[in-house]
Amino acid sequence: ELLWQLARDGRTVACTIHSPTGAAFQKFDDLHMLHSGKTIYDGALSEVQPYFEALGYKKVPEMSLPEWLVDLTSESPRQKQTITGPIDMDEMEEQGFGRNFASIYDKSHVRRQSIVRRDSTMSLAVEETKDLAAPSQFSRLLTLLRFRMVAHYKDGEFLGTRFGDKIVFSILILSLYWGIGDNTDAQSIQSTAALLYFVAAICGYGAAAFAPSLTLERSLYYRELSDGCYAPATYYMAKFIEEGVLATITSLIFCLSSTSAVLFRATSSYILYLTI
């Protein structure tokens, strides 16, 4: 449906497909059939059935159009010529020449029409417009943020790994250091210093939630990079912004919760320290 809508909007969609469903097959406008690496049909989808039926093969009602075409061009078709076509294909097969659809196509009017259509299409002068220019890297960055980042932010599994560790560590701090900020004895001061170190070390544990996403997206990244969708720096910046926004929010929540639980004096410098 998506590709069909893109085609309706004036875009050219080339799709390689094998054994499609009848409903999906009817979405196409033109068909280019290959058999043993050679073209056996190139033209409108609506004309493919009359073309092969003119060769002496009547479509089986029980089969959909794509099933019939796949069976017809297979090495062991379930049906034979029902009427005499321009060439007796079954006789050729019995004599060891095979079912040479490619040779018939080369001499057919369908091929001549295909050549005329291709030459007329190639001769069209495409006026260069601003819309045809490649988008800038900044535009591609906005596209990544608009679609991929927003989709990730709606994914509970994606958000859970980012917020989950902060919740666990907050509960751990609450159980170990509740109210320790009001104590001024040597032991409490040492425990407070250990807590600050513990909070700083959480950054390393938080990175463990980020690293798997890079591994999971590696194949997609290589494919899109090969297709020229964006530059490596654009992808890095999109991931940096995506993770940076979440890291800032989770760090602030963690900072405020730990400050209120431990009874530290929530100065701006301390909150900035925990956030960073």
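In which helix is Glu243 found? Select Glu243 in this predicted model: the residue belongs to helix H12.

**Stop 1: Glu243.** With Glu243 selected, display its surroundings. Its relative accessible area is 13%, and Glu243 is therefore classed as buried, the limit being under 20%. Leaving aside residues up to four places away in sequence, Glu243 is in contact with Phe158, Arg162, Phe210 and Ser213.

**Stop 2: Met237.** Remain on helix H12, which covers residues 232–262, and select Met237. Met237 has a relative accessible area of 35% and is partly exposed.

**Stop 3: helix H8.** Next, select residues 137–153, the 17 residues of helix H8. At 1.5 Å a residue this helix should span 24 Å, and its end C-alpha atoms lie 23 Å apart, which agrees. Centre the view on Leu145, where H8 has a kink of about 30 degrees. Then colour the buried residues of this helix, which are Arg140, Leu141, Leu144, Leu145, Arg148, Met149 and His152. In an α-helix there are 3.6 residues a turn, so residues three or four places apart point the same way.

**Stop 4: Ser36.** Finally, move to the loop between strand S1 (30–35) and strand S2 (38–44), and select Ser36. Ser36 is not a glycine, yet its phi is positive, at about 55 degrees. Most residues other than glycine have a negative phi. Ser36 is exposed, and its relative accessible area is 62%.

Conventions: Residues numbered from 1 in each chain as written. Predicted model: local features only at pLDDT ≥ 70, side-chain atom pairs only at ≥ 80, totals over all residues. Heavy atoms only, no water. Helix = DSSP H or I, 4+ residues; strand = E, 2+ residues; numbered from the N terminus. Buried < 20%, exposed > 50% of the residue type's maximum accessible area, 1.4 Å probe, protein only. Expected span 1.5 Å × (residues − 1). Bend = angle between axes of the 7 residues up to and from the residue. Contact = heavy atoms within 4.5 Å.
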